[in-house]
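Here is a short note for someone opening this structure for the first time. Please read it with the model on screen.

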Amino acid sequence: EVQLVESGGGLAQPGRSLRLSCAASEFTFDDFAMHWVRQAPGKGLEWVSGITWNSDFVGYAASVKGRFTISRDNAKNSLFLQMNSLREEDTALYYCVKDAGLYGGDYFDYWGQGTLVTVSS
Amino acid sequence: SALTQPASVSGSPGQSITISCTGAGGGVVNYNLVSWFQQHPGRAPRLLIYEGAKRPSGVSNRFSGSKSGNTATLTISGLQAEDEAGYYCCSFAGTSTSYVFGSGTKVTVL
């Protein structure tokens, strides 16, 4: 069974940075695009960022563009999200999500359990 | 902009219910790119339907996806207590790796 385990969440002050990681296993990591999706407390799902299998293309939601950077290390079966200039509205549970295809544009077939990011002074 | 879903839908055990998913501002949703997720409180979302009407292995055939006009629809047949959860539609937005989710629907089993 596909495993996606997020880490790196925690409490950060506004303007500071956090780096999220996702360890993937039980599938061929470099055969699929990957994404980050977040969910603010009591709210709905919001796509944050995605990256193709070979990192050639990345995409960001307008709300995080210019502040967040997605990356991956296929040799280590890992996905990352560098979050800079954090805002209180970035407070959310961040999910690592597997795409069903190489380049994105397919659908999300597996989700991790999430890592909680809280931005507060 | 988020896709539009009803905030809540309810039904009695054994009944069928439907959840609609409409493009922003009442616009067209690309049916072939629509997927549906179920989320129980405190749990991660689970894929129910992809590419409009396809079911992954392991998902009950009580869940089905369809299209009506400009709207994608999730139908839950034979409603059970365990179906009480949040449901989200999602669609690829057409730009590289970009997606949009629906506003979410809370299903209550009476």
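This is a predicted model: local features need pLDDT of at least 70, side-chain atom pairs count only at pLDDT 80 or more; totals for chains, interfaces and linings use all residues.

The points below cover the contact between the chains and then the cysteines.

1. Extent of the interface. How many residues of chain A are in contact with chain B? The number is 25, and they meet 18 residues of chain B. Together the two chains bury about 1,700 Å². Carbon and sulfur atoms account for 64% of that area. On the side of chain A, Leu45(A), Trp47(A) and Tyr107(A) stand out. They supply 36% of the area that chain A buries against chain B, more than any other three residues.

2. Polar links across the interface. There are zero salt bridges between chain A and chain B. Polar contacts do occur: five residue pairs, both members at pLDDT 80 or more.

3. Which strands of chain A take part. The largest share, four residues, comes from S5(A). By class, this side of chain A has 10 nonpolar, 10 polar and five charged residues.

4. Disulfide in chain A. The whole structure holds two disulfides. One is formed by Cys22(A) and Cys96(A), with sulfur atoms 2.1 Å apart. It links distant parts of the chain: Cys22(A) is in strand S3 (residues 18–25), Cys96(A) is in strand S9, and 74 residues separate them. The link is left-handed, with -75° about the S-S bond. Are these cysteines buried or exposed? Cys22(A) has 1% relative accessibility, so it counts as buried. Cys96(A) has 0% and therefore counts as buried too.

5. Disulfide in chain B. Cys21(B) is joined to Cys89(B), S to S 2.1 Å. The torsion about this S-S bond is about 75°, so the disulfide is right-handed. Cys21(B) lies in strand S2 (residues 17–22) of chain B and Cys89(B) in strand S7 (residues 85–92), so the bond ties together parts 68 residues apart in sequence. Both Cys21(B) and Cys89(B) are buried.

6. Which cysteine sulfur is nearest to that of Cys90(B)? It is the sulfur of Cys89(B), 7.7 Å away. Cys90(B) is in no disulfide. With a relative accessible area of 2%, Cys90(B) is buried.

Methods:
Residues are numbered from 1 along each chain as its sequence is written. Chains are lettered from A and ligands numbered from 1 in the order in which they are written. Side-chain values use heavy atoms; hydrogens and water are left out. Contact means heavy atoms within 4.5 Å. Buried area is the accessible area (1.4 Å probe) that two parts lose on being put together, summed over both. A salt bridge is a side-chain nitrogen of Lys or Arg within 4 Å of a carboxyl oxygen of Asp or Glu. A polar contact is a pair of N or O atoms within 3.5 Å; within protein, one must be able to donate a hydrogen and the other to accept it, and residues adjacent in sequence count only if both atoms are side-chain atoms. Helices (H or I, at least four residues) and strands (E, at least two) are DSSP runs, numbered from the N terminus. Ala, Val, Leu, Ile, Met, Phe, Trp, Tyr, Cys and Pro count as nonpolar, Asp, Glu, Lys and Arg as charged, and the others, Gly among them, as polar. A disulfide is a pair of cysteine sulfur atoms within 2.5 Å. Buried means under 20% relative accessible area, exposed over 50%, partly exposed in between (1.4 Å probe, protein chains only).
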